[in-house]
Amino acid sequence: MFAGPLEYFHNPIEVYFCMIVKSEKKKIGKMACNSATCQSGCYGDEHSVDEDDQKRPPVQEDGVSAGGGNFNCDGLCIKCKVNETIAATHPAVSEGGGDRGRFCADCFRSNLFGKFRFAVTSNAMISSSDNVLVAFSGGPSSRVALQFVHEMQQKAQKNFEASRDRLLPVFGVGVAYIDESTIYPVSSHDYDGAINQMKLIVASLAPPAKQFFVVPTQSIYSHDSTDGKDRLTELFGAVSDITGKEDLQVHLRMLSLQKVALENGYTKVVMGTCTSQIACHVLEATVKGQGFSLAADIQYVDARWKIPVVLPLRDCLSEELNMCCILDSLKTVEAFQRPRSGINGLISSFVKLLQEENPSRESTIVRTAGKLTPFCFNRIPEVGDNNGCLATKRRQKKYNLKPSESLPPESYCLICNNPLKKPNGTSSNHFHDGRASSEIYASTCSSCQYQILPKDPTLLENFFLLLPQSMTTLAKDSRDNHKLLRDQIQDCLLSDSDDGA
Ligand SMILES: [Zn+2]
Ligand SMILES: [Zn+2]
């Protein structure tokens, strides 16, 4: 149950690290010590094998290596062996855990960008014809995502200008901020200041110019914003559970992103979700009973949406991203950042504690959950033309990926769009007023039932009417699309009798 086709999502990273380890070893030569007790981070043999999460980088406390500092007694970067480590050049920087004691700023940065670029290329996240929308919250993770996507675009632009035939277009980039001030009000002074800061950040990126969208959550309702505001406020008022409110906010955020992407011709949504956030999500989903759908949320690609969502920072830790912002003086916007609450808040502080005790905990949690088999929509959908197919096949060969074999889920939760375990038997074509409450109950996952839906069945129908229509039609659309896909795949599968003959 925990093994299977997911291996391909795991292996490229292992391969990547093995490559780094090998090249590092070549450079380090005899300096690499093979002692089993060495905690120097010198890339001895212990790091090249793994699967088992026992043999991981040294245990560290307070961001300082516990290895006694024997790894860089000269204070030089273990990679380039020339520059001083970040700890030496930026003594005030407390972020970054062990990395600050191992790498110089340049090597740290190129490592981080390397992780991003590898995730993008090995999962075909961005192609030259794409128009990508970066979801920007103002926080460090999405700030780095925006920066890296921008740098990638600039590089593509340079290549385009240098090429004679100019055949490959440069992908476009836009930025969207989802304004949730109707749900969690901020003072108009803070609000204006923060929006201005974001505009400046986007405008400061070199050309090609990037469109910046401020999208109020209520825009998912209709064009009439006052009506939308009222309904949104009423909807949140109807959710009594504090965790439920926060989860619903996350689902509406995704709907808003999908809406702005769709309306403005974007083909991918880039999220800044990093290892640390995914680690929290894994534990949260475990507590909330979302085991069946968990694998869907933690992959590099989530194409269950009309506009596929990609997570190029999936392998980066939040402390690394924080440090990158400090080292590169990337401005972040704090006004809208609020502490998480309920179950999510408890788990965030729990994971933070675990990470302080051992800096590989977050990666371990994500790697462990990564053993779950992803869904068929956890890859960029193959386009119909031959070029696309060829490219996909080449990539599958290069990274040893297996083509998707699993069938799409039959139904999705009405609220969170997570795959539902059992077909719930509701007639999928009739999401209209007057829907029986039992039907609504049957079209939602157990987590949404418990955390979000009103406990009183007589309130259910009114609650359903408060949901944005895009939510209810989305559930229907994805069911229809996937039913079509299921039928197509089913036709191609060997039946038992074919196989046995
Ligand atoms: Zn270096
Ligand atoms: Zn749900």
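Visitor: What kind of model is it, and what does the chain average in pLDDT?

Guide: This is a predicted model. The protein chain averages a pLDDT of 78, and 71% of the residues score at least 70.

Visitor: Where is the pLDDT below 50?

Guide: One such stretch is residues 424-434, which has 14 contacts in the model beyond near neighbours in sequence. Another is residues 495-501, with one contact beyond near neighbours. Where pLDDT is low, the predicted coordinates should not be read in detail.

Visitor: How many helices and strands are there?

Guide: The protein chain has 19 helices and eight strands. Of its 501 residues, 40% count as buried. Among contacts with a separation of 6 or more, 73% come from residues 24 or more positions apart.

Visitor: Let us turn to the sheet. What is the order of its strands?

Guide: The order is S5-S4-S3-S6-S8-S7, in an open sheet of six strands with mixed pairing. Strand S5 (211-216) and strand S7 (301-302) are the edge strands, each pairing on one side only.

Visitor: Do S7 and S8 run parallel or antiparallel, and how many bridges join them?

Guide: S7 and strand S8 (residues 309-310) run antiparallel and are joined by two bridges. Val-301 has Val-310 in S8 as its bridge partner.

Visitor: And which way do S3 and S4 pair, parallel or antiparallel?

Guide: S3 and S4 pair in the parallel sense, over five bridges. Val-134 stands opposite Val-175 in S4. On to the next pair: S4 and S5 also run parallel, joined by six bridges, and Gly-174 has Gln-211 in S5 as its bridge partner.

Visitor: What handedness do the β-α-β units have?

Guide: S3, H5 and S4 make a right-handed β-α-β unit. S4, helix H6 (residues 188-204) and S5 make a right-handed unit as well.

Visitor: Which strands does H5 lie across?

Guide: H5 lies across strand S3 (131-135), strand S4 (172-179) and strand S6 (268-270), running at about 160° to S3. Helix H8 (residues 242-263) also packs on the sheet, where it touches S3, S4, S5 and S6, and its direction makes about 140° with that of S4.

Visitor: Why is S4 largely enclosed?

Guide: Seven of the eight residues of S4 are buried, so the strand is largely enclosed by the rest of the structure.

Visitor: A change of topic: how far does H4 reach?

Guide: Helix H4 (residues 105-122) has 18 residues and reaches 26 Å from its first C-alpha to its last, close to the 26 Å expected at 1.5 Å a residue. Just after H4, Ala-124 takes a positive phi of about 50°.

Visitor: Which residues of H4 are buried, and what covers them?

Guide: The buried residues are Ala-105, Cys-107, Phe-108, Leu-112, Lys-115, Phe-116 and Ala-119. Their cover includes helix H2 (86-89), helix H3 (99-102), helix H5 (140-162) and helix H11 (318-327).

Visitor: Lastly, where is Asn-418?

Guide: Asn-418 is in the loop between helix H14 (386-398) and helix H15 (437-442).

Visitor: Does it count as buried or exposed?

Guide: Asn-418 counts as buried, because it has 23 C-beta neighbours inside 10 Å and the cut-off for burial is 20 or more.

Visitor: What is Asn-418 in contact with?

Guide: Leaving aside neighbours within four places in sequence, Asn-418 contacts Gln-290, Ser-293, Ala-296, Tyr-412, Cys-413 and Cys-445. Asn-418 and Gln-290 are 128 residues apart in sequence, and their C-alpha atoms are 8.7 Å apart.

Key:
Residues are numbered from 1 along each chain as its sequence is written. Chains are lettered from A and ligands numbered from 1 in the order in which they are written. This is a predicted model: local features need pLDDT of at least 70, side-chain atom pairs count only at pLDDT 80 or more; totals for chains, interfaces and linings use all residues. Helices (H or I, at least four residues) and strands (E, at least two) are DSSP runs, numbered from the N terminus. The expected span of a helix is 1.5 Å times one less than its number of residues. A residue is buried if 20 or more other C-beta atoms lie within 10 Å of its own, exposed if 12 or fewer, and partly exposed in between; C-beta atoms are placed from the backbone. Two residues are in contact if their C-beta atoms, placed from the backbone, lie within 7 Å. pLDDT is the predictor's confidence in each residue, from 0 to 100. Two strands pair if DSSP finds at least two bridges between them. Axes are lines fitted to C-alpha atoms, for helices over the stretch in contact, and angles run from 0 to 180 degrees between N-to-C directions. A crossover is right-handed if, with the strands pointing away from the viewer, the path from the first strand over the helix to the second runs clockwise.
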